[in-house]
Structures are given as C-alpha cells and as structure tokens.
Amino acid sequence: MKASHRIVGIVGAILATAALIVFTIEYDWMGTLIADDMEPIDTVYRALTIASIPFFIIICAILAFCLVEFRAKPEDDDEKDGAPFHGSTKIEIVWTIIPTIVVMALGLYAWTVLDKVEAAQPNSMTIKVIGQQFAWNYQYPEQDIKTGGDLVVPVNRPLYFEMTSADVIHSFYVPSARVKRDVADGFTTRIRFEPNKLGSYPIVCTELCGIGHATMRSTLRVVTPAQFTAWVAAQKSAKAPKPTGANTDPQTWPGAFKNSESSK
Amino acid sequence: MEAHAAHDDHGHMPVANSSANVNREWLGMVLFITSELMLFGSFFAAYFFIRVVQGDPWMPEGQELPKYVAMANSAILFSSSATMHWALEGIKHNNRKALKTGLVLTILLGATFFGIQVSEYVHLGFLPKDSAQASVFFSLTGLHGAHVVVGLIILIVVANRAFKGHYGPEKEKHWGVEIPGLYWHFVDVMWLFVFTTLYLL
Amino acid sequence: MAASLRSPGWYRAAFSMAIGWVVAFVLVTGLRLILGWQQEISWESITTVSLITVPVAFLYGIGCMDYWLYWLSGKPTKVDDHADHGARKWQDYFHFNTDHKVIGIQYICTTFFFFLIGGMLAMVFRAELIAPGMQFVDAQTFNGLFSSHAALMIFLFMVPVFAGIANYVLPLMLGAPDMAFPRLNALSFWFLPIAGVMMCLSFIVPGGAFATGWTAYAPLSMNAPMGQTFFSIAAQFAGSSSILTAINFLVTIITMRAPGMTFWRMPLLGWANFATSLLVVLATPFVAGSQFMILFDRALGMNFFDAAQGGDSVMYQHVFWFYSHPAVYIMVLPGFGIISEVISTHARKPVFGYRMMAFSLLAIIVLGFAVWAHHMFVAPMQNWIRIPMMLTTMLIAVPTGVKVFSWLGTMWGGVIHMRTPMYWAFGFITMFVLGGISGVMLAVVPFDIAVSDTYFVVAHFHYVLFGGSLFTIFAGIYHWFPKMTGRMYNESLGKWHFWLTFISFNGTFGPQHLVGLEGMPRRVADYAEQFAAWNMFISISSFVLGASVLIFLYNMIYSWRSGPIAPANPWHAHTLEWQVSSPPPMFNFDEVPTVVGHPYEYGVPGARHGIFKEPEPVVATVGAPAEETVAEGATGADDTSSTDGDA
Ligand code: HEM
Ligand SMILES: [Cu+2]
Ligand SMILES: [Cu+2]
C-alpha cells in the first residue's frame, strides 16, 4: 500500500470518528424529554455511544487495512503462508487492561447516575398504578381519586409511583421520562420522576401481557397546578366520567396491593 | 478400552486413542449427575425464593411435614448406599454372592423407601396445589422419587445381569456395577439435601 | 408389512405412536374413572400426557432404543456393533444412524428446516408490521407468530445447528473415529424433530400457538391456552437433546483426542465446544426446571407463581435467565470456534494468542453465570442486585473483546484469501462488535431502564445472534461444505448471498435501534403512528433478507448434487479433518493419526499438525508443549506414508 493511501485511510478514520461523535451529540435520539432530572440518562447514552465509536472505527479500519494490505495476490501460490507470528503477550495485556478500565469506569459512572435519578425527592405526590389486562388504572391517595382514564399530573411536582398488577406482569413505561418498571401481582415496584413540560405523552406497556398488549396504552397529561386542581374537583364530583377502557373498580381487584409487604 | 479391542473382530473402526485416564461411561455418568444436580438446583432456587427471599413460613399453617417418619425413611435409603457399596466391593473381590445379595438388598431398601414416601404423600393431608410451599415440597420430593424409580430400574437390570453371570473382578468388567452404583449414591446424597432443607431446617 | 413393523423405521414409528396415544388415553381416562371425577374424558389432559408418550413411542419406533432394550434384557453387550453406521444412499439420512457424520448432516438439515419455518413466520409478522393497525393477522396470532419464531430459532436452530456442525467436524478434528457414545448421539438428534414438530403443531390446537414469547413468563403462561403446554414439553425435548449432546462432546474431547493432541494442541473449535458443553451441562437443567414448574402449574394445579398462594413470579425469571443468559453464549461460543478456524485457515496465519483465545472462552463461561439478572433490571427484583450484575455484565465484554482483537491479530500479516467463508468472517466481526457494543450499553442500568423491552433490545440480540452467530454458521457451512459433501460450492453465489444478506440485515435491524430509542415496545402487533416510516423500511428490508436465504439454499442444493468434485484439502489447512478424503471414509481414519504439533502452524517451516503412522518413541514426549519436540517430530515425519490429501 502506498504511503499516501495510508494517510488517506487514517485521516478518513479520524474524520469518520469525529463525524459520528458530533452526530451522536447533536442527534435527538430518544425524543422529547419531559423530566429534567432524567437528563443524565440521555447523557449516559451519549457517553456510551461516544466511547464505543473509536473501538468500532479502529476495528473496521484494521479490517479494511488487512483486506487491502494482506490480501492474497492473484500470482500467489495457494500454499503461500503468512508470517508465523503467534502472538504477543504485551499487546494482549494492553487490550485486556484498557477495555477493563473503560468498562469499569463507565460502570461506576452509570452507578452514580442511577443513584441520582432514583434519589427520593421531598414533597412528592404519590400515585398508585395498577396494571390490568389491558389497561392502566391510577389512584391518587392524596386527592382520594381513582381513574382508568388519563394520568393527569401537575407540572414541576415530583411524582412517586407505587405500582402493582391485578393479574399478569405488565411494564409501565413513559418514554418521554425514560422510566420503566414492571408491575407484578404480589409485588410493589416504585419509580419516580418530575415532569417539567406541559403536554400529553404516551404511556405504554412493555411487558408482553397477552392479546391486548400492543394496545395497552395510556396518556400522561402534564397540566398546570390550577388545571390539576380543577381536574381533581371534576373527578370528585358525581358527574365525573366513568373510567374508560376495560376497567372495573380497582378496589375490587383481587390482587391489588394485598401483598405489598413482600416488595423490596 | 482393551476389552473393546479384544472384541473387535469386524476390523473396521480403528480403536480410538485414550487421551485421558478415565473410563468414558464413568465420565459420562459424572457429567450427567452434574446436570441432574443443576436440575435439583433449579427447584432449590424455587425453594430459596419462596422461603428465604419472600420470607413465607415453612410450611404454612396446617401443612406440617412428618419429620420423624422421614427421618426413619432416610435411614433406610442411606443404608441402601452401604449395601450398594458392599455389592461393588463384592464383585471387586470376585465374591459373586456378595454382589447378588448386595444388589437385592439395595433394591429392597430403595423400594421400601419409595413405598413409604408414597404413603407419606397419601397421609399428608394436603395437596401440591394448596400452597406454593406444598408445590415446592411435592416437586422436590417427587423429582427425587422419580430418580429413585429410575435408579431401581437400573439396579434391577444390573441384578438380572449379575444373576446371569455377568461382571467380574477385573476393572473393566465391573464398570457395569460401579456406574449404576455411582448413580444410586447420587440419589442418596441428593436425598440428604432434600431431606435437610425440606424437613429439618 | 409385518416385517417392516418389527424392524426400526418409519412404519414401526407410526404404529408405535398410535399405541403411544392410546396409552395416554387409557392412562388419563382410567385414572379419572378410578378417582371418580365428573368428566371422565378430558382432551386437554390426554393431549398433555400424549405429548410425552407419543414421542417416546416414536423414539422406540425409529430405533433409538433397540440396543438399550436388548441390553436391558440382560444379553451380552456388543461393543463393536456398527450395523447402524454410515449412509450409503440418501434415504439412510432418514433413519436411525450412529455415524457422527450422518448425524451431523441430519442435524444441520433438520435445524435449517426449522430455520426456514422460523424465518417464514418472521416474514408473516413483518408483513403485519409494515404499517400501523392490523393488516393480515389478529393480535393473538401475531403473538403466536413471534413466539414460535423465537422459540424455533433459539431451541431448534441456533443451539442445535452448532451441535450439528461440531458433530460432523469435531471427531474428525480430534482424530477420533466417532463420538464417545454414538447411540446417545443418535438419540439426542431424534429429540430435535420431536421438539420442532411439537412447537409447530401448537398452531393447530384450540387457542392457537403459544403466545407468551420464547421466555414464557409466568403468570401469563400459567393460564395460556393449550399451545403453551406444547412449548413447555418441546423445550424439554430440545433441552435434553442439548444436555446429552454436551455430555457426549465433553467425553469425546476429554478422552478421545488423537495421541499427541494435548489440550493445548487442540483446534479452537474443540475448545469452543468444550466451553459450550460445560455451559450446557450446568445451565440447561435450569430451563428444564423452569418449564417443569410451568407444566406442574398448568397440569397439576401447583402454585409456584400464584402470588395469592404464596408463589413468586419473579422466581421464574431468575430460574429462566440463569439458563437463558448462558444460553446466549451457548449460541455463540461454538461460532467463535468456527471463526477462529476460518480466519486462520483462509488468512494462512497461526491464531493470534491461541492460549488467550482458550482462556477467554473459559472466562466467558465463568462470568456468564454471574450476569443473568441483567435481563431483569426492570423486574420487581431487589434493587441492589442490579449493580453487581451491571458490573459483571460489562466485564464480560473484556474477554469477548480479547477474542475480537485476536482475530484481527490473526489476519494481520496473513495471506488473506477472500473466499466465501472469509466474507462471512468479516461480516461477523463487524456486526458482532456492534451487537457487543449495544450489549454493553444495555448492561448500564440507567440506560437499560429506558430501553429495556423496546426494539433496541430486539436490535441488540439480532446483531449478536443474526450478525454474530448466524454469520459464523454460514461461514462454517461454506468452509466445511467440501468436506461434508465432497463437492465445491459456487463461490460467486456465496458472495451474492453474503452481500445481499449483509445489506438487508443492516436495513432490517439497524433502524430497530432508532425506533427502540424512541420508545417503540417490542412484541407488539400494532404501534404508534410515529414509528410507521421506519417500520415500513424494516419490513421491506426483511423481505429481501428472507429472499437472500434462497440463494444460499439454491447454492447448497445445486452444489451438493452437481458441484465440482472437492479435493481432500481445498484450503490447504492443517487440521486433521482436511487430511482425509472428502467426504471422509466410514470410520474417519484408517489409522488414528498422531499429532505432533499445533494446529495452525502456517508459515512455520516444516511444521506438521498430524501424521499418519504408528507413534514413534520420539512422540512419547508429547504432553509437554515443547516447540522443539514438535519440530523434530515434524521433520522426521516427512518421509512417512502420509495421507495428506492435497489433490
Ligand atoms: C458483550 C456481550 C453482551 C452484553 C454485555 C449483553 C447484554 C445484554 C443485556 C443487558 C440484555 C438485556 C436487555 C434487556 O432486556 O433490557 C441483553 C439481551 C439479550 N442478549 Fe445480550 N449481551 C451480550 C452479548 C450477547 C450475545 C453474544 C448474545 C447471543 C448470541 C446475546 C443475546 C441476547 C438476547 C437474545 C437478548 C434478549 C433476550 C430477551 O429478552 O428475549 N447477547 N443482552
Ligand atoms: Cu403488556
Ligand atoms: Cu444476557
């Protein structure tokens, strides 16, 4: 291979790395984020991707180099062998130690992020979530409301969810808040986040739960505190619309919360 | 593998090299027992999660296990390991009588154990479906019972062959006793764990 | 007719299966009569029991048990009975056979058959997913489609196809005349069609195919229709098959290597299968346990998972993943072995860091047992478990990385022949690295919480399983095709197959990362409008991907029938399987070869791996991996009658 080709290759690889890194930083990978305190999760994703790009590029570059440089020439004898080179302990140590350090550093970093995003918040509003084939039901103990409709929450107030299931396992997933947790009969699982953006966002079930799994969706409606108070009042009045979907009264479900002590 | 070579009158298959100083059947049985251990392990995992992680009482109210019957029964099963060992030692010293008596005694003891276990099931007064603990109890003892039955069938075959004059004191001629014996010892040792965790702890 | 009913074969199998069904009927109905139950005939219970009795009867009928029954009756053993050995005509492949080469082909063809079925199921549900809303099938059918797709691909293709390749190649590589337990080998093979047919049959039972995913999570699977029982029992047959094969491999590898082949002179495919088989023996019983519990819950009314009765549904996940994480390595470690063989052979270079290659396999299996809960980061599991599991999972990338770098080191400075197997090896390295990268990302708990159970995970495991494992399978099939069939495959069709697959594979699974990141859940029959464009693209790519398999099939069938005759050693490789004719003689070697050196000594002057002569005193010192002895033995061997089959 000519030296100029080599330079072109190396420059190309560096440019590709740089371009991919810039793209990773700029691109909106996971859509709207409504919870500022979950921002570190998006950062983790970007950090992981950026750490991986050089690895991938180096591997591809070496493969490409081998392909060009070491490819058998048409005139080569079929039995012409490569160099009888069996390895090098030094380089093996290097490529064991460096990835170990990289992954452990990323792991420790991720650990701190996990602690941060799961840390308890003062003044949070508790909402109970009950999954059921095939709908989500919500109870607001503070406001004494039950609903099978939208999950309506006030903006800028930390939310604390206590979740269980009336039947099989479901998974409560709010893509725009980057949180997800399974709900299972006999367990209470907990998640938290604080919505900071007004609007409506999807809630989906991500644990296969039967025939209606794909359509087991709900809506998160982040509203102003005033709207929230109004909504609570409307719910409490007798004329409040009955829960939609396939819901019955959550209190009558056999499984709901009966065994919450066994949760961890 | 010399034994194989001696029989090799077809002349086609070259004798495989013996690259490790172990008997193939014996090694196969050891590996099989390892996987059996893991199978029991999966049910012990169920036991662990229900009793320890979840902290449910063992056993629930009104589902007591007959500890002392099981203890006596364990003694019966453990003694069958001794008779099995005796049978093997017998054939190693060309004592065919010890081989035959040992095998028959082992089979009888094993069958007694199994009979008592079945009658325990009948008299327990609860069913596998009555609680998660009962499910674990019945499946662990049942799994073990199934192994006893398989062991008994193998031992009956071995005994049959012993009465027909097979086996001998040479090393390669009593693998046919030693390997089923290994399985039987495994069944007994497994019972030690099943018994301790289910009945005693 | 009467005679054919007495001798093993399909007639006897059909007949005994009928008897097996009658036995199930009588057993169940009789028991219900004795117990005085209301409804004497319960078709569901009869079917459940017959799912055990009919296959056992089939195994008897086809001839798997004849010898053992003979032995049980107390007659003297016939150690050297080779009546069931070797295939003379193509029909022999449809009968009980104890020749590892026949069994290997039987395995490969059977598993590819189920691969095609699994693939067609995927085509159907990709068609359904081409647009939001429901187009062709209803939601229940959809769930059945992806569940049986996954179950067939994992239990009937990925796991056993490697057993098939190794079945054919490994004894040859080790210099053994056969596997350690040929009859057990045949039995393990015949478990497979049973498992596969059972899974497929679940489509025609009331309630439809099992629809709870390949993971069959409790409690969903407890009350699912009949098809679920088909899955649970089929998984038992497939699992038993892998355990018995693994025992067979282990015993073969430990006790039947050719004289002089120490562990450190064993080809890496041997090491890979050694590690995989250890994993299978230790882990597969757990999937058996998990399916037993499901079966007991379903058939006997037990309560392992019902919270109201004190059961624990998360326990199912622990038991299941304690097998199923190792299972993902069961599905790729043999592929690592294949890639090491392929790269070293076609780059004509010794494997870089041979010992580290072996050690990293062992590191992977040890670590592999300590990571299972990374599949449960969002499950109702104790929170603290997530951290150690995250760290072990990330660590497992290190030995995996060592292997990748060593493959690059192997190519470096070689003489690379870009034949079809090498294309697949290149494809494998790049795609598997991408899958490994997304794997490490998924190991990171805060990120996994966001994307677990979305299409991002689907993309990850298709990159490691399709771009990883399946590419190694293709590499291996092309690499050993001349050995297995005695014919050469068509190179240009092989390359077409590669490029079409490689491009459409990335078109299919690459965008799944994106929709996953945006929050599209997996296992859904319908999805939000926002994912429509990508899904259309994915579906269309997947059809091209499906079509690319046809090129492969055509190449295989056409070349097998009328490809050019293959020389014994078309790649001029050093390992033992290439030193005998293509295909090898009935008992592999007319005389057991003696191994005098390492398997990959390309470029080392005068180096030999195996020689065909009686062991000389000079090779009595084998066991010590001393390089000098090897070289001496090798040069001394030049004048002996070697059957090195260079044509
Ligand atoms: C670098 C090595 C790897 C790491 C760190 C890794 C990590 C992970 C993690 C954390 C998950 C769980 C994701 C979730 O459900 O949220 C996962 C899923 C999965 N991985 Fe990997 N993985 C690796 C390699 C592999 C390999 C080699 C295979 C198979 C050949 C594989 C097959 C799978 C499969 C099939 C699933 C999905 C299982 C399911 O939920 O159905 N992975 N992987
Ligand atoms: Cu769901
Ligand atoms: Cu895993």
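The donors of the copper ion (ligand 3) follow the spacing H-x48-H-H along the chain. Donors here are N, O and S atoms within 2.8 Å of the metal (3.2 Å for Na, K and Ca), and sites may look incomplete, as water is not among the atoms. This is a predicted model: local features need pLDDT of at least 70, side-chain atom pairs count only at pLDDT 80 or more, and totals for chains, interfaces and linings use all residues. Residues are numbered from 1 along each chain as its sequence is written, chains are lettered from A and ligands numbered from 1 in the order in which they are written, and side-chain values use heavy atoms, with hydrogens and water left out.

**Copper site**
- H325(C) (ND1), H374(C) (NE2) and H375(C) (NE2) coordinate the copper ion (ligand 3) at 1.9 to 2.0 Å.
- H325(C) sits in helix α10 (residues 313-330) of chain C and H375(C) in the loop between α12 (354-368) and α13 (386-411) of chain C, so the pair ties together parts 50 residues apart in sequence.
- Helices are DSSP runs (H or I, at least four residues), numbered from the N terminus.
- H325(C) is buried, at 4% relative accessible area, whereas H375(C) is partly exposed, at 28%.
- Buried means under 20% relative accessible area, exposed over 50%, and partly exposed in between (1.4 Å probe, protein chains only).
- The copper ion (ligand 3) and the iron atom of ligand 1 are 4.5 Å apart.

**Helix pair in chain C**
- The axes of α6 (residues 139-174) and α16 (residues 455-485) of chain C come within 11 Å and cross at roughly 35 degrees.
- Axes are lines fitted to C-alpha atoms, for helices over the stretch in contact, with angles from 0 to 180 degrees between N-to-C directions.
- Residues making the contact include F157(C), F162(C) and Y168(C) of α6(C), and L465(C), I473(C) and W480(C) of α16(C).
- Contact means heavy atoms within 4.5 Å.

**Nonpolar core**
- The largest nonpolar core has 346 residues, of which F172(A), F193(A) and F447(C) touch the most other members.
- Helix α6(C) gives the largest share of this core, 24 residues.
- Such a core is a set of buried Ala, Val, Leu, Ile, Met, Phe, Trp, Tyr and Cys residues joined through side-chain atoms within 4.5 Å.
- Leaving aside neighbours within four places in sequence, F172(A) contacts residues including W136(A), F161(A) and R181(A).

**H144(B)**
- H144(B) lies in helix α5 (residues 132-163) of chain B.
- H144(B) is buried, with a relative accessible area of 0%.
- Not counting residues up to four places away in sequence, H144(B) touches F40(B), L77(B), F113(B), V187(B), M190(B) and W191(B).

Technical notes. Helix = DSSP H or I, 4+ residues; strand = E, 2+ residues; numbered from the N terminus.
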